[in-house]
Amino acid sequence: MNPISMLGHLGRAVLTVMAAFGRVAIFALDALSHMLRPPFYPREFGVALLNIGWLSLPVVGLTAIFTGGALALQIYAGGARFNAEAVVPQIVAIGMVRELGPVLVGLMIAARVTSSIAAEIATMKVTEQIDALVTLSTHPMKYLVAPRVLAALLTVPVLVAVGDIIGIAGGYTVAVQNLGFNSAAYLRNTVDFLEMRDIVSSLVKGAAFGTIAAIMGCYYGMNSGRGAQGVGRATKGSVEAAAVLILAANFVLTGVFFSL
């Protein structure tokens, strides 16, 4: 293959990726604009709140508590090599609040909620229910997309806060029961070490990750192909895109809060 042909293939790939980002950006702006303009559908919003928030609590809680416990063990094992075992409370707290809590919750939401939204909307498209909504003068973006995005925007920060607390509790339990830490001293070190900007960064990340997860599910669902294969591809693609974008957004937001 000659260099000109290679450059042509590279250029087409870059343009394809840029076009995909453009379509997603336009879809996201359209969804966010519909969130601010009537009519609103409180029933759909309530169902989305239940599915995204309440029903995600078990998986978020289990993920956080095991991660917090494992983090405490790993930090203790690493710190013991430098006689720095006492830093376990501080590192568990900042690790869960600033990084692991938001990222793990975001990925769990991508796995559970994004796939569910994409499969549901894609199935509606395949069975022509979306066409029926248009026939009934109901805008699909307002009825299907806006309530889910708004629900994710509001509930995922709460899930992140709950995950942070449970993760710190998991580290506390392991440290006190297995590593010989004093309970009161562990809690005091945790509270004294955390700053308000740590908590704010965690909640901001949660809002961003929830929005990304919901938008990816809606985008792939609304643009799915026909038939069972189209639904399957939309579900798989939505989870992959949401996970990658969440990790990329985490890097960007971490850099922003690090510079503050």
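How many Å apart are the mean positions of the 16 positive and 12 negative charges of the protein chain? They are 7 Å apart, with Lys and Arg counted as positive, Asp and Glu as negative, and His and the chain ends not counted. Each charge is placed at NZ of Lys, CZ of Arg, CG of Asp or CD of Glu.

A word on the ground rules comes next. The model is predicted, so local features need pLDDT of at least 70 and side-chain atom pairs count only at pLDDT 80 or more, while totals for chains, interfaces and linings use all residues. Residues are numbered from 1 along each chain as its sequence is written, and side-chain values use heavy atoms, with hydrogens and water left out.

Now for the overall picture. Along the principal axes, the C-alpha atoms fill a box of roughly 65 × 60 × 35 Å. Of the 260 residues in the protein chain, 42% are buried; buried means under 20% relative accessible area, exposed over 50%, and partly exposed in between (1.4 Å probe, protein chains only).

The expected span is 1.5 Å times one less than the number of residues in the helix. Buried in helix 1 are V24, F27, A28, A31, H34 and M35, and the buried residues of this helix pack against helix 6 and helix 8 (196–222). In the loop between helix 1 (3–35) and helix 2 (42–52) sits P39, which is joined to P38 by a cis peptide bond with omega of about 5°.

Helix 3 (residues 57–80) has 24 residues and spans 34 Å from its first C-alpha to its last, close to the 34 Å expected at 1.5 Å a residue. Its buried residues include V60, G61, T63, A64 and T67. Helix 4 (88–126) and helix 6 (140–178) are among what covers the buried residues of helix 3. What does T67 touch, not counting residues up to four places away in sequence? T67 touches M96, L100 and L104. This residue of helix 3 counts as buried because its relative accessible area is 19%.

R98 is found in helix 4, and it counts as buried because its relative accessible area is 18%. Its side chain joins that of D198 through a polar contact of 2.6 Å. A polar contact is a pair of N or O atoms within 3.5 Å; within protein, one must be able to donate a hydrogen and the other to accept it, and residues adjacent in sequence count only if both atoms are side-chain atoms. Leaving out residues up to four places away in sequence, R98 touches R197, D198, S201, K205, F257 and F258. V103 also lies in helix 4 and is buried, because its relative accessibility is 10%. Neighbours within four places in sequence aside, V103 is in contact with F209, L247 and N250. From V103 to T123, C-alpha to C-alpha, is 29 Å in space and 20 residues in sequence.

E128, in the loop between helix 4 and helix 5, has a positive phi of about 65° although it is not a glycine. S137 is in the loop between helix 5 and helix 6; its phi, near 60°, is likewise a positive value in a residue other than glycine. Is S137 buried or exposed? S137 counts as exposed because its relative accessibility is 71%. T135, found in helix 5, is exposed too, at 66% relative accessibility. The C-alpha atoms of T135 and V239 are separated by 30 Å, and the two residues are 104 residues apart along the chain.

Note on methods:
Helix = DSSP H or I, 4+ residues; strand = E, 2+ residues; numbered from the N terminus. Contact = heavy atoms within 4.5 Å.
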